[in-house]
Amino acid sequence: MKEAESTRTPASKAGRHAAIEQILSTRQITSQSELREALEEMGIVAAQATLSRDLLEVQATKVRGSDGRQIYALSDHSANAEWGEEGAEQKLQRWSQDLLVGGATANNIVVFRTPAGAANLLASAIDSSRDETVLGSVAGDDTIMVVCVSDTAAENFCNKLLSYAEGVKALDS
């Protein structure tokens with residue numbers, strides 16, 4: 001028996017939405033046809049028009065990944081319920097790896113660069129991580145300003161996210 005047959009997801013709208021959110025949270029999906037294939041692996045068959053509506057309803061948007069490819073991403077509103085404290089850090093690691101282009105510090109402020117249109121997604125992950133050294137963040141189109149509690153905290157936070165972007169687990173600061 002294949003895994004898709006043993007762990008089935010109902011083909012209802014709610015089941016499709018949950019499956020789409022799970023897929024977009026764990027994989028980089030670049031097209032609706034790729035999403036349809038991933039759903040079919042889970043035993044869910046959906047027409048292209050249905051997927052278009054579903055993507056709107058789960059508030060998925062396309063953002064440019066660090067490799068330049070357009071990928072589907074969930075807005076924070078639809079993913080918030082699934083991310084705990086540990087999950088928020090994993091989400092920050094994943095979005096840093098996918099979206100972070102660079103970063104620099106100026107005193108207690110960190111400025112991060114992302115591809116166009118991706119700053120809000122990474123800033124949301126920064127806010128969700130609830131890092132105690134971060135006072136807050138402000139995002140534009142491709143730039144995020146993060147205010148930290150000290151110059152040292154800013155340097156450590158910048159280094160942490162840059163190491164995530166490089167795929168290296170950062171040491172606890």
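Q: In helix α6, about how many helical turns separate D98 and R94?
A: This is a predicted model, in which local features need pLDDT of at least 70 and side-chain atom pairs count only at pLDDT 80 or more, while totals for chains, interfaces and linings use all residues. Residues are numbered from 1 along each chain as its sequence is written, and side-chain values use heavy atoms, leaving out hydrogens and water. Helices (H or I, at least four residues) and strands (E, at least two) are DSSP runs numbered from the N terminus. D98 and R94 are four residues apart in helix α6, so the separation is about one helical turn.

Q: How far apart are the closest N and O atoms of D98 and R94?
A: A salt bridge here needs a side-chain nitrogen of Lys or Arg within 4 Å of a carboxyl oxygen of Asp or Glu. D98 and R94 form such a bridge, and their closest N and O atoms are separated by 4.0 Å.

Q: Over what distance does helix α2 reach from its first C-alpha to its last?
A: L24 and S25 are among the buried residues of α2. This helix spans residues 13–26, or 14 residues. The expected span is 1.5 Å times one less than the number of residues. That expectation is 20 Å, and the helix comes close to it by reaching 20 Å.

Q: How many residues apart in sequence are the parts tied together by R16 and D54?
A: The side chains of R16 and D54 meet in a salt bridge, with 2.6 Å from N to O. R16 belongs to helix α2 and D54 to helix α4, so the pair ties together parts whose separation in sequence is 38 residues.

Q: Which residue forms a salt bridge with K13?
A: K13 is partly exposed, at 44% relative accessible area. In its salt bridge, the closest N and O atoms are 3.4 Å apart, and the partner is E57.

Q: Which side chain makes a polar contact with S137?
A: S137 sits in strand β5, residues 134–139. A polar contact is a pair of N or O atoms within 3.5 Å; within protein, one must be able to donate a hydrogen and the other to accept it, and residues adjacent in sequence count only if both atoms are side-chain atoms. The distance is 2.8 Å, and the partner side chain is that of D127.

Q: What is the accessible area of the nonpolar patch with V111, V138 and M145 together?
A: Patches take residues with over 30% relative accessible area and no salt bridge, joining like charges within 9 Å and nonpolar side chains (Val, Leu, Ile, Met, Phe, Trp, Tyr) within 5 Å. V111, in strand β4 (residues 109–113), counts as partly exposed at 33%. Areas come from the Shrake-Rupley method with a 1.4 Å probe, and for residues only the protein chains shown count as cover. Together, V111, V138 and M145 have about 230 Å².

Methods. Buried means under 20% relative accessible area, exposed over 50%, partly exposed in between (1.4 Å probe, protein chains only).
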